[in-house]
Amino acid sequence: MSSSSKASNTALPETIILPRDKGLHLDLKEIWQYRELGFFLIWRTFKVRYRQTLLGVAWGFLQPLATAFTLLLVRSIVDIPTDGLHPAVFYLAGIVPWTFFVQGVQGATGSLVEHQSVITKVYFPRIILPLSGAVAGAVDFVFGMVVLIVAMLIFDSSFGNLWGLPLFLLYAWVISIAIGMWLSSLNAIYRDIRYGLTFLLGLWMFATPIVYPLTAVSRSWRFLYDLNPLVLVIQGFRWSLTGHGVLPGTSAWISAASILVILLTGIWFFQRAEATIVDVV
């Protein structure tokens, strides 16, 4: 057998990567094939979360406590109803899922820029980056839940419909992915997105029933208010954990529809930007 035929027999298979269609296309099979990469990125996020910090994991407990203490000071000045719950429990039940969402959005938004050295060298489905980045808040969520449960035991608050907690937590993760799809692509092109994000999330917090209950919102504003998908997350999480508050009814469909639009358009925009993202990241 000639040397040329031996070379042809041992040649590695070639993979030709073609541009995607302009329409919405989500290859779940390809994402599953690269699942180990996604798990590695998630593990790396958890591992370096509090590396080289003075207080370490204590930050996971201090952040919700500090926010709740600030809101308690505000309530001492302005009388705000808390749906029959102790104010500390009421605020923590909103802060914990909100923090999970915020850190998920921030993790997804910066995912492309943080891994630019990998993006420019090897191929893999880029959508794995915002998907794994959106899990960034899971560690602090666990710490926050510990603080919240301890507060409920101290102030003798009863537990509610715990079966709903995973559902609303999953919903918060989907929302962070949907927002992260848009912002991760934009942040790769315009690096000032991350600065504007902090301001946007600050405003968004006051448009969500964290500091005040849903019943405090005027009915004339309810339809516009329900377009905020975090209303369903915060109100549902608080209702599931404590049994207090009003669980959104028909308005839940409005929130679900709004996040579905954001998610589908976000995936579409991400895939459009993916073709040129290596050149600009």
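Let's start with the rings: this structure holds nine aromatic pairs. Two rings of Phe, Tyr or Trp (its six-membered ring) count as a pair if their centres lie within 6.5 Å; planes under 30 degrees apart are called stacked, over 60 edge-to-face, and the rest tilted. Take W98 and W204: their ring centres are 6.5 Å apart and their planes stand at 75 degrees, so this pair is edge-to-face. The pair links distant parts of the chain, since W98 is in helix α5 (residues 87-109) and W204 in helix α11 (residues 193-206), 106 residues apart. Helices here are DSSP runs of H or I with at least four residues, numbered from the N terminus.

Before going on, keep in mind that this is a predicted model: local features need pLDDT of at least 70, side-chain atom pairs count only at pLDDT 80 or more, and totals for chains, interfaces and linings use all residues. Residues are numbered from 1 along each chain as its sequence is written, and side-chain values use heavy atoms, with hydrogens and water left out.

Back to the tryptophans. W98 and W204 are both buried, where buried means under 20% relative accessible area, exposed means over 50%, and partly exposed is in between (1.4 Å probe, protein chains only). Together with F101, W98 and W204 form one aromatic cluster.

Now find F141 and F237, an edge-to-face pair with 6.2 Å from centre to centre and 75 degrees between the planes. F141 lies in helix α9 (residues 138-154) and F237 in helix α13 (residues 230-242), so this pair ties together parts that are 96 residues apart in sequence. Both of these phenylalanines are buried.

Rings can have charged neighbours too. R35 lies over the face of W32, at 4.3 Å from the ring centre, and R238 lies over the face of F90, at 3.8 Å from the ring centre. To count, NZ of Lys or CZ of Arg has to be within 6 Å of the ring centre and within 35 degrees of the ring normal.

What about charge meeting charge? Side chains of opposite charge can pair when their charged atoms come close. A search of the whole structure turns up one salt bridge, meaning a side-chain nitrogen of Lys or Arg within 4 Å of a carboxyl oxygen of Asp or Glu. The partners are D79 and R75, at 3.9 Å from N to O. D79 is exposed, with a relative accessible area of 67%, while R75 counts as partly exposed at 26%.

Next, look at the loop between α9 and α10 (165-189), where you'll find F155.

D156 is exposed at 71%, and its phi is positive, about 55 degrees, although it is not a glycine. S157, also placed in the loop between α9 and α10, is buried at 12%. Leaving out residues up to four places away in sequence, S157 touches V89 and M152 (a contact is heavy atoms within 4.5 Å).

One last stop is D83, in the loop between α4 (58-77) and α5. D83 is not a glycine, yet has a positive phi near 55 degrees, and at 21% relative accessibility it counts as partly exposed.

Note on methods
Helix = DSSP H or I, 4+ residues; strand = E, 2+ residues; numbered from the N terminus.
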